[in-house]
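Subject: Structure handover

Hello,

Here is the structure for your records. My notes on it come after the file.

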Amino acid sequence: MSKIKIKNSNQKIADILLKIGCVNINFKKKFTLTSGKKSPVYVDCRKLISFPKEREIVINEMAKLIKSNYKNKVLVAGGETAGIPYSSFISHKLKYPMVYIRKQPKGFGKGKLIEGEFKKKSTSILIEDMATDGGSKLHFINSLRKNSLTVKDIYVVFFYNIFPSAKKNLQKMRVNLNYLASWHDILEVSPNYISNIEQLKLEQYISSIENGK
């Protein structure tokens, strides 16, 4: 079988995630997701932080994407916990100020929800490792706005981009979701990593999710 060639930056990121084991596919022993549901696929972008070479490629791509949308300096906000390392890498790369958002205020000290220094009415962007249907980002977006920060963009390494509810959730939050790779990109390069039978099963599974089955 001939090796699938990488055609664009999205496929390059997808290939990295597959190569270092961030993308887990197992139709015999399904994974338990945060929701409690069983799934034959599980994406773990936290693993990427342990691979400096691959991580740098991903951060460079995200920084490039941010710079293409924002010509001036913005406040980089990371969501607890997975978004904190990525927001740190991005803020360091671009020399931008950074804050992070807690899932809930700490029970001591000043009880802050957002840690770090910022000016009200500043333009901010939310950085996360990944998004499934976008719904989990609502708390972070609301927290930024309640603290008088403007936010209209979320940046993630991986977006499932297969759940019908995603578009509705993003419209409710009035934000754009920018991502480096999705399941569609994974499907383009996964034949380099899995068998033909698994590839077919994966394609069928992704299709069933997109069709709400």
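This is a predicted model: local features need pLDDT of at least 70, side-chain atom pairs count only at pLDDT 80 or more; totals for chains, interfaces and linings use all residues.

Residues are numbered from 1 along each chain as its sequence is written, and side-chain values use heavy atoms, with hydrogens and water left out.

The chain
The chain has seven helices and ten strands (DSSP runs numbered from the N terminus: helices are H or I with at least four residues, strands are E with at least two). Its radius of gyration is 18 Å, close to the 17 Å that the globule rule gives for 213 residues, so the chain is as compact as a globular protein of that length. That radius is taken over C-alpha atoms, and the rule is 2.2 Å times the number of residues to the power 0.38. The C-alpha trace spans about 55 × 35 × 30 Å along its principal axes.

Of the 213 residues, 43% count as buried (under 20% relative accessible area; exposed is over 50% and partly exposed in between, with a 1.4 Å probe and protein chains only). Contact means heavy atoms within 4.5 Å. Among contacts between residues at least 6 apart in sequence, 64% join residues at least 24 apart.

Six strands form an open sheet in the order 7-6-5-8-9-10, with mixed pairing; two strands pair if DSSP finds at least two bridges between them. At the edges are strand 7 (114–115) and strand 10 (176–182), each of which pairs on one side only. Strand 5 (residues 75–79) runs parallel to strand 8 (residues 123–131), and four bridges join them.

Strand 9 (residues 150–159) is mostly covered, with eight of its ten residues buried.

One residue
Where does E210 lie? E210 is in helix 7 (residues 196–210), and at 33% relative accessibility E210 counts as partly exposed. Not counting residues up to four places away in sequence, E210 touches N161, I162, P164 and H184. E210 and P164 are 46 residues apart in sequence, yet 6.3 Å apart in space, C-alpha to C-alpha.

Regards
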